[in-house]
Amino acid sequence: MVMVFYGSNGKSNPVSMENKVEHQTENQITYDIHLPSNLGTLYKVRLGLQSLENKTSQLSLRHFKIQNTSTLDTFSLTINKTLPLPPNGDRWIEFPIQWPLKEALSVVTYHVTVFSRNILNERNLVQMTACIYGTHGDTGDRSLLQSLKNVQQGEKNESFLVIVDAVDLGELEKIVLLISSKTDCKLDIKKLHVREAAKEHPIYVFEVNEEFSVNANKPKIQREIPGSFVIRGEKQKNDIDNNLNKKGSQVKNLTEYTIKVYTGDKRGAGTDANVHIILFGNEDKSEVFQLSQSLEHQNPFERGKVDTFKIKTKKLGSLHSIEIGHDGKGFASGWFLEKVEITDAARNSIHCFNCNRSVDLSIITLYMLFPF
């Protein structure tokens, strides 16, 4: 059994319990652990098995108690869980520490969706873990191939869902992938989406777009994937608008843009995926907007249709480019985008961005042809 302690100033190294038994009864083991003083106030513990190489090993946990021997502050928690956790085989659990007069964080279930081209064919040959980092710490290495859910396979792309329980990570910042194998193989990973299971948004997008070759010379590969962008929901954008409305000086700086999206008129051109867009001007760039509320159609981005969306954002200046993409939801997620027209209400100008090609899971950048 291993524990990792997180404090306000950092985290400890993994502490193995193998040789630290101070007192043991039939149902209780007491450990005496000396932690670095510079950890600050402890706020969470990650507890788990060192490895799952012995598939038959299990650890049943009933109760946890920790006491600061100097201050005698004590925290206790009833756990009643067995590691590895069914059904996803996770060998770690996390829980917050509630000290007197201090507010504790909550445990959050995260949905990690992995988009790839061939992982499912190679999953019995490789091990792949992800460590998710946020402003409140990290998850440690969690298996992405132990147990897959909501597997979807198409002609070119596939996706699967991994469930991770962790103490609230705050704003997500990066993911560190670790890929290892005892045989030669290649993994083509496109991107990862992470969101809280209880919320549709925000969705944190981590673009990878890399083929990893694992072989005898490179039995392990590690990659640090920074956050690419965040997809915000309508409610979140409305909350932002409401906050701005409370600040009259900021409201004056908001500009309304009308976005017309033209889907091509050819077989398989439409998509059911969630489409998002970022606007770039010579003064600033917008946040990420999800285009979900079409003014014309309940089901946007259908073959040969034009969908109109209205957004409000800070003044961007003269528009020169946009980034547009989607999350690959559904089997028929490929989308043939003809063009995007954006009207700047403040400048009374229309900007045209031609595409005339398919948009897969990657983000594409379109540049302005000419203003009207």
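These notebook entries record what I looked up in a predicted model.

**Conventions.** I took the model as predicted, with local features needing pLDDT of at least 70, side-chain atom pairs counting only at pLDDT 80 or more, and totals for chains, interfaces and linings using all residues. I numbered residues from 1 along each chain as its sequence is written, and side-chain values use heavy atoms, with hydrogens and water left out.

Entry 1: I looked up a sheet of four strands and found it open, with the order 24-21-26-27 and antiparallel pairing. Its edge strands are strand 24 (306-314) and strand 27 (349-359), each of which pairs on one side only. From one strand to the next the twist averages 20°. Strands here, like helices, are DSSP runs numbered from the N terminus (strands: E, at least two residues; helices: H or I, at least four). I count two strands as paired if DSSP finds at least two bridges between them.

Strand 21 (residues 254-263) pairs with strand 24 in the antiparallel sense over nine bridges. The bridge partner of L254 in strand 24 is K314.

**Entry 2: the largest pocket.** I searched on a 1 Å grid over the protein atoms alone; a pocket is an open set of points with protein on both sides within 12 Å along at least five of seven lines, a cavity is a set where a 1.4 Å probe fits but cannot get out, and lining residues have an atom within 4 Å of a point. Grid points are joined across faces, edges and corners, and a volume is the space filled by probe spheres set on the points.

The largest pocket has a volume of about 1,500 Å³. I find 41 residues in its lining, with Y31, F64, K65, I66 and Q67 nearest the centre. Strand 1 (2-7), strand 5 (29-31), strand 6 (42-48), strand 7 (59-67) and strand 8 (74-83) are the elements that give two or more residues to this lining. Strand 7 supplies the largest share, nine residues. By class, the lining of the largest pocket holds 18 nonpolar, 17 polar and six charged residues. For these classes, Ala, Val, Leu, Ile, Met, Phe, Trp, Tyr, Cys and Pro count as nonpolar, Asp, Glu, Lys and Arg as charged, and the others, Gly among them, as polar.

**Entry 3: cavities.** I count two cavities of 30 Å³ or more. The second largest cavity holds about 40 Å³ of space. It is lined by K81, L85, W92, I93, E94, V107 and D165. Strand 9 (residues 92-96) gives the largest share of that lining, three residues. The lining of the second largest cavity has four nonpolar, no polar and three charged residues.

**Entry 4: backbone exceptions.** Most residues other than glycine have a negative phi, and most peptide bonds are trans. I noted a cis peptide bond from L83 to P84, with omega near -5°; P84 lies in the loop between strand 8 and strand 9. H201 and P202 are also joined by a cis peptide bond, with omega about 0°, and P202 is in the loop between strand 17 (185-196) and strand 18 (203-214).

Phi of L72 is positive, near 65°, and L72 lies in the loop between strand 7 and strand 8. L72 counts as exposed because its relative accessibility is 55%. Phi of F301 is likewise positive, near 65°, in the loop between strand 23 (289-290) and strand 24. F301 counts as buried, at 2% relative accessibility. Buried means under 20% relative accessible area, exposed over 50%, and partly exposed in between (1.4 Å probe, protein chains only).

Terms used. Axes fitted to C-alpha atoms, helices over the stretch in contact; angles between N-to-C directions.
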